[in-house]
Amino acid sequence: MSNISAPNSSLVLVQKAVKQLRLEASVRRIKPKFESVIAEVDMVINELHFTIANLNSWMQPEYVSKNLVSQAAAELKTFCLQNAQKDPLLTGVPSSDNPFRPPKSCILL
Amino acid sequence: MGEMEELRKEMENLKDQITAARKTFQDSTLQEAAAGVTVVGRVQLKTRKTLRGHLAKIYAMHWGTDSTLCVSASQDGKLIVWDTITTNKVNAIPLKSSWVMTCAYAPSGNLVACGGLDNMCSIYNLKGKDGNVKVMRELAAHTGYLSCCRFLSDTEIITSSGDCTCVLWDIETGTQKTVFAGHQGDAMSLGVSPDFKYFISGACDFTAKLWDIREAECRQTFGGHESDINAIGFFPNGNAVITGSDDATCKLYDLRADQELLTYQDSSIMCGVTSLAPSKSGRLLLAGHDDFNVNIWDMLKAERVGVLAGHDNRVSCIGVSSDGMACCTGSWDSFLKIWN
């Protein structure tokens, strides 16, 4: 009790500092409402409006027009010719690649 | 009675309209478009493997998507899953009803299905927990025999039946999701498009119908055959359909031009087509006939470019593997042959 006076002032100082810090710590930190509205909420609302307005047209079936026989025939022909190389039954398979016909090795006796 | 007459007249009018509309789009023929293409040389395929094991007529076979396993169904009451490269039997599944007419392999490889005169489609799980193959579901609601079935995924399967309808089933619940009615005769075969959005069915009313799976509607009907359509398949790009019929011809129909492009017939062929499969590029069409042979056609030129003769009885089923490496034929002589 005798040396209260000396640390008294530092105690008061510390107490004041603590009080100040407590005040600062209890500050409610929120984004300013305006910032969050324009940067986040509004963007989503706009996208929703766009989707709602266009959903009907996106859902409509797309009608493919009837093709002329010449076009259809030409497409079939190009498909066949383009894939001809990939068709093993057409091009034949050498026995080295043929899983159904392993190459038989000759054994020299 | 007056209304019937009116409706009949309207039917005739609409049919004439459709024929006329198709004619206006027929500005050319496939023969003209393919005139510059040379005919494929003689195609000679040899039997590489013979899968022996069935004891009675084989009625159906289907390749798995991995191109090594295939399943075959025979009226000895067995469904056999074969490893085609080693000719080993991976699974031999005994069936409750031996009158089986069709079988299918799921794209995932986990399930196989079969059905026949029992009017039911039985789904078997190949990858059961304890290694046993058991019946997973029995889909029963058809009032006629099951002529063909094809998986869309592990949860959906489409079946065609002798009661003139095709049905889309939900395998988990075992219920019918959609019934596709419209054929006037037994639906004999079906094929699913490569994008799984459409399927086609061929029936004994001499027509083939294109169905939209999601909308549950028949989009197009193709006539022209003079007898029952026994076999049907999609062209590899999904834009054309090939049908094989008891009148010994095969026809190629284009879906977008909505008409027949070509007929594959020959005066020397007099027996009906039982099954068909296009090769991977679509250039070759392999058709199995009642005269024990398989004829190979050049699809663009409509010329016969090969014959596979090796079976001692009617060729009942044919399939080309998904990588196009081989074709498998099954016959009433109880053997399956792999050709390459």
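A nonpolar surface patch of about 420 Å² is formed by A:Met43, A:Val44, A:Leu48 and A:Ile52. Patches consist of residues with over 30% relative accessible area and no salt bridge, where like charges are joined within 9 Å and nonpolar side chains (Val, Leu, Ile, Met, Phe, Trp, Tyr) within 5 Å. The areas come from the Shrake-Rupley method with a 1.4 Å probe, and for residues only the protein chains shown count as cover. A:Leu48, one of the patch residues, has its place in helix 2 (residues 33-59) of chain A. Helices (H or I, at least four residues) and strands (E, at least two) are DSSP runs, numbered from the N terminus.

The model is predicted: local features need pLDDT of at least 70, side-chain atom pairs count only at pLDDT 80 or more, and totals for chains, interfaces and linings use all residues. Residues are numbered from 1 along each chain as its sequence is written, chains are lettered from A and ligands numbered from 1 in the order in which they are written, and side-chain values use heavy atoms, with hydrogens and water left out.

Chain A contains four helices and zero strands, and its elements run α-α-α-α from the N terminus on. The chain exposes about 9,400 Å², of which carbon and sulfur atoms supply 62%. Of its 109 residues, 16% are buried. Buried means under 20% relative accessible area, exposed means over 50%, and partly exposed lies in between (1.4 Å probe, protein chains only).

Helix 3 (residues 69-83) of chain A shows how burial can be arranged. The helix has 15 residues and reaches 21 Å from its first C-alpha to its last, close to the 21 Å expected at 1.5 Å a residue; the expected span is 1.5 Å times one less than the number of residues. Its buried residues are A:Val69, A:Ala72, A:Ala73, A:Leu76, A:Phe79, A:Cys80 and A:Asn83. Seen down the axis of helix 3 of chain A, these residues fall within an arc of 125 degrees, so they line one face of the helix. The arc is that of the directions from the helix axis to the C-beta atoms. What covers these buried residues includes helix 2 (30-33), strand 19 (240-245), strand 20 (250-254) and strand 21 (259-264) of chain B.

A:Leu81 is also found in helix 3 of chain A, and at 41% relative accessibility it counts as partly exposed. Leaving aside residues up to four places away in sequence, A:Leu81 touches B:Val37 and B:Arg283, where contact means heavy atoms within 4.5 Å. A:Leu81 and A:Pro103 are 22 residues apart in sequence and 30 Å apart in space, C-alpha to C-alpha.

The next topic is charge. Side chains of opposite charge can pair when their charged atoms come close. A salt bridge is a side-chain nitrogen of Lys or Arg within 4 Å of a carboxyl oxygen of Asp or Glu, and by this rule the count comes to 10 salt bridges over all chains. In one of them, the side chains of B:Lys96 and B:Glu138 meet at 2.9 Å, N to O. This pair links distant parts of the chain, 42 residues apart: B:Lys96 is in the loop between strand 5 (88-94) and strand 6 (100-105) of chain B, and B:Glu138 is in strand 9 (residues 134-140) of chain B. B:Lys96 is exposed, at 71% relative accessibility, whereas B:Glu138 is partly exposed, at 32%.

B:Lys177 forms a salt bridge with B:Glu156, the closest N and O atoms being 2.4 Å apart. B:Lys177 lies in strand 13 (residues 175-181) and B:Glu156 in strand 11 (residues 156-161) of chain B, so the pair ties together parts that are 21 residues apart in sequence. A network of salt bridges links B:Asp212, B:Glu217 and B:Arg219. Within this group, B:Arg219 and B:Asp212 meet at 3.3 Å, N to O; B:Arg219 is partly exposed at 40% relative accessibility, while B:Asp212 is buried at 9%.

Backbone angles and loops complete the tour. Most residues other than glycine have a negative phi. B:Ala248, however, has a positive phi near 70 degrees; it sits in the loop between strand 19 and strand 20 of chain B and is buried at 7% relative accessibility. B:Ser321 is found in the loop between strand 26 (315-320) and strand 27 (327-331) of chain B, and is buried, with a relative accessible area of 4%. B:Ser321 and B:Asp66 are 255 residues apart in sequence and 8.2 Å apart in space, C-alpha to C-alpha.
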